[in-house]
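Reader: Please take a close look at the aromatic rings here. I would like the charged contacts to the rings too, and then the wider setting.

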Amino acid sequence: MKLPIIGKETEEHSKARLANSYANNLIPPEKKNYLTDLKKSTGPFLAITDHNDETKYLMDAASQIATLGLGFSPSVFFGAAHYLSSWTNDSNSKEFHSIRKALTETLKRKTNWPKLDLTICNSGAEANEIALGYCYKKRVNENANKVLAFEGSFHGRMMITLSSTWNKVKREPFEWPGHETIYCTFPELETDLIHQSAPKDWRSFWASSCALELEIPKEWDKDSQIEKEINSLLEVREKIKTKEIFAILIEPMQCEGGDRYSSGRFNEALILMAKSFGIPVIFDEVQTGFHLGKEFFWHKEFNLKDDQDKELYPDYVVCAKKAQVGLVLSHNEETKKEELQVSSVIRGYLHAVALDQSQELIHNLEKTARVLLNDLCKKFQGKITRPRVNGMAFAFELPSAEITTEFINRRFDHGLLYYPAGAKTLRFRLNTSFTKGDIEFLFERLDQMAGEILNNEAPKPIKEIETRDRNLASIYEWQELLLLTKLKVLAGEKLDNEKFQEKIYSLFEKSTGHKIIRIDKENFPKWKDKIHQMQLDIYEPTRQTEIEKFEYCATSEKGQAVGIVQGDKLLAMSFSSPLSLNPFERGVRNDPDFNNPNALYMVDSTVGKELQGKGVGRFVKYALSAFALNDGIELINGRNRDRMAASMLSINLSLGAHEIMYMREDYPDFEKYRNVLYYTSATKFKTDQLSLSDAINSPLSNLDLTAENLSEQLPYLVNKVCLSNFVSPRFLDHLDSIKKYLPESLQHLYTTSGQSECVDKLAKSIWYNQEEKTNHMITFKGHYFGSGSFLSRSLSHSEDKFFDVTHLDHPNASNEQNVLQDLERVLKEKKTMAIWLEPIGSQTMERIERETLTKIIGLASKYGTKVIFNESAASFYRYDKENFLCSNIEGITPDAAMCFLGGQSGLCYMKEENFLAKPLMLISTWDGDEFALSNFHQALEIVHSDFEKFTEIRLEFTNKLLEALSNFEITEMELENGCGHFKGNISLSLARYFKKVGDRYLVIPSFSAMREFLGKE
Ligand SMILES: Cc1ncc(COP(=O)(O)O)c(C=O)c1O
């Protein structure tokens, strides 16, 4: 298929729309001038909206900076849509716990760690700051307060990760005195050859390098590379000896710094030395993890061993990007407080499995890229140099920073997106959707560009790209059919079975050009021999299934069987029967649903020779699932052999399958891969426990999930892109619409991936604009701002301080005067950057009275201190019944505020004087999440579409809750505007609705949760 490429007019079209959002400094003018159309984005190609409703494309050779391992709209990611918790962001659901376990198990296998604990958060910077926080808590030297990082590093843009980021342009404007990171030289390899032989006794030498005296053995043969590495290690040793260091943070390959490779030998020595001093090493695999390289984790290629030749592990591994969320991998269980987006975690899991299964393909991508890159270097000898290739990453060097900028400036003229790294490197991130032809196109364009820039040759213009048709429209049609039917079943609507089946037959024919039939007890005898023959034709004897098993599928009441037929030929088939009829299949008896008559086992899916490689297997399985849904089946479970059944596994993942058992050495044969993934996939949406305490994380519930909304949100659920660079017109519209609910003076925004990112961005923005620099802050005990960064933790937890924060008592009716006196005393004593507070505390549901807020604001302005509200709990009219936000109330508008929107999305809004409008100063990779932002926006619309009804329901809810509580001894209670808290002994069934913090129940239901409690829908 041919895809038209972006042109100047595409840019102008987007620019005009963006200009509206840049007007009056609503957001910093930093987005690329190409507004996305995610529904049409496919494989390596990002779809861009153009005038006259046209769509143009660009090739994303950065894979949205290593976030997209499978390309745009990969079928596997539709799997996330099959979990109701994805839509409601319910991280307490059973299905989410099951997925989380599957993800943990998958990562445990890939790290080969004996034990693995996972902390999930919102971004790469957060994950690093959480891992660093764990190290800080366990520091061996009481006074240690510095991170050791390497020149050329990039670890994110929160306060400490940014101080550990080498690039001065990014770091220096926000560097806080006393919190600077200590840097050592990164012993960069000239090439991508990470396997370097080590001198004799290398490991035992570094394993005892904490010795008082250390002398490098004279007999070590030292080339310039090893000398560099030894010098760097000695530098690190000197720094460790100062006892200031509490963690070493390193990228096994520096990405943003310029795709700078390091050797396994160096990393091995670094860990051994750090261990000898008791200092933890964190591998930042935010960009390299999840199979950028040849192995799932980059550091696994190092084959790290200790001085006893045992496998050597880093203390922490940190991932984000392709993990779709931030992940911290620890060896021991950590005390944590998480904030996460369920749909992203599920995509992260799906990504992990699908990428792991694609290892051979990734090796082939590397081979293709290496040949083409070497050719390019040869053709432009001396100008395009230092090719580095590993897995899906490749990079090369150009003669100067100016020439590198030229390559960046002209990239869109050639329909390409890629980024520079370091001063003179261009780096590329492929993904598994790139075909050989796509990679050839990329290199052909690079060749044209090089000719133009380096040799002054006129380039061949390009108008369209020829690429593989990835069947996207059909996949959407099937997925929407399945998901919308699931939704109907969830809503208790009766299915029109006949009509639904007709739809399945016709969609099958439309998407494959073939006819599908159901095979049952009536027609089984007709097809029996054909089924048997297909087995003989396709499988070797050990993998053939007995015909009786097929017969059970076709003849049992619940079994599901389909076939593609042409005349009397059988071309493909898929068979399943209840689990209980398959007790001899390994794993089936351990399946918790073994006795569930509506749980099926996938007995066989086979595509005959005639149709192999034509992509019909997917639709056969989709049709089988649809028929199962039609017949009230609940689960379809089965076994897929590691790697050898990769394409079937990927189809199952796209239907919402996840692993519940992993069986090692299950196939006793001589193939390389013998393990089996035993999966479960639900054909129905499953509801879980209603929560009346989770409005902040889950502004919507399944009651809000409509067919229209599901279809609209689907493309944003299957594609996570970098909002820091690429947004859709819908994203801008939603910001415009949210803006209307903010006080006029605060309509200057940054979007974020969560609460902690809000804190760090606000602090940076205010710091930047301060005339007299100070970073002392004041907050109140129990007020919460997230736990994903040193700064947010310093505010949220008085016992976990890292930065200079004064925690005063929470002001209430009995202590207000004292607290305000304390506040004034501190403000007088110490120049203070800001007072941070929650008008309603999200962890306590206690409020600060309006008069007190007025006084706090008055004092702050007297001493030139900013006031910042966290309105996550106060929003949605919870603080004041007439005002969406507390900051809307006249007289108590702060200087800046933040609101967590749920999922992976937060919003900072501030006065213009505190806003940093300069582009790209406050970005992160994702800058939030469009799916989550849209959910928040929908919740906002629902409340405002009938505000009277909202107020009525809130009152009814409060009354019903009060009535329920009146049966019990309640010792303390505060309920206002449908939210608050209470204490007392209540029945277990009532208690299940609430989150309990200490002895206090929190009441903070979303509008839909109130409706559900009232049994309104
Ligand atoms: C190695 C590394 N660490 C950390 C980060 C920060 O991740 P995020 O932007 O998700 O905070 C990045 C982002 O590019 C990265 O490449």
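Author: The charged end of R730 sits over the ring of Y716, 3.7 Å from its centre. Here a charge sits over a ring if NZ of Lys or CZ of Arg is within 6 Å of the ring centre and within 35 degrees of the ring normal. K720 does likewise with W926: its charged end is 4.6 Å from the ring centre.

A word on the source. This is a predicted model, in which local features need pLDDT of at least 70, side-chain atom pairs count only at pLDDT 80 or more, and totals for chains, interfaces and linings use all residues. Residues are numbered from 1 along each chain as its sequence is written, and side-chain values use heavy atoms, with hydrogens and water left out.

Now ring against ring. The structure holds 50 aromatic pairs. Rings of Phe, Tyr and Trp (its six-membered ring) pair if their centres lie within 6.5 Å; planes under 30 degrees apart count as stacked, over 60 as edge-to-face and the rest as tilted.

W202 and W220 make a tilted pair, with 5.3 Å centre to centre and 45° between the planes. W202 belongs to helix 8 (residues 202–207) and W220 to the loop between helix 8 and helix 9 (224–241), so this pair ties together parts 18 residues apart in sequence. Helices (H or I, at least four residues) and strands (E, at least two) are DSSP runs, numbered from the N terminus. Both W202 and W220 are buried, meaning under 20% relative accessible area, while exposed is over 50% and partly exposed lies in between (1.4 Å probe, protein chains only).

W478 and F508 have ring centres 6.5 Å apart and planes at 75°, so they pair edge-to-face. W478 is in helix 15 (residues 472–490) and F508 in helix 16 (residues 497–512), so the pair ties together parts 30 residues apart in sequence. W478 and F508 are buried.

There is also a cluster. Y741, F876, Y877, F884, F936, F947, F950 and F1007 form one aromatic cluster.

Last, the setting. The chain has 30 helices and 36 strands. Buried residues make up 64% of its 1017 residues. Of the contacts (heavy atoms within 4.5 Å) with a separation of 6 or more, 75% join residues 24 or more positions apart. The C-alpha atoms fill a box of roughly 90 × 85 × 60 Å, taken along the principal axes.
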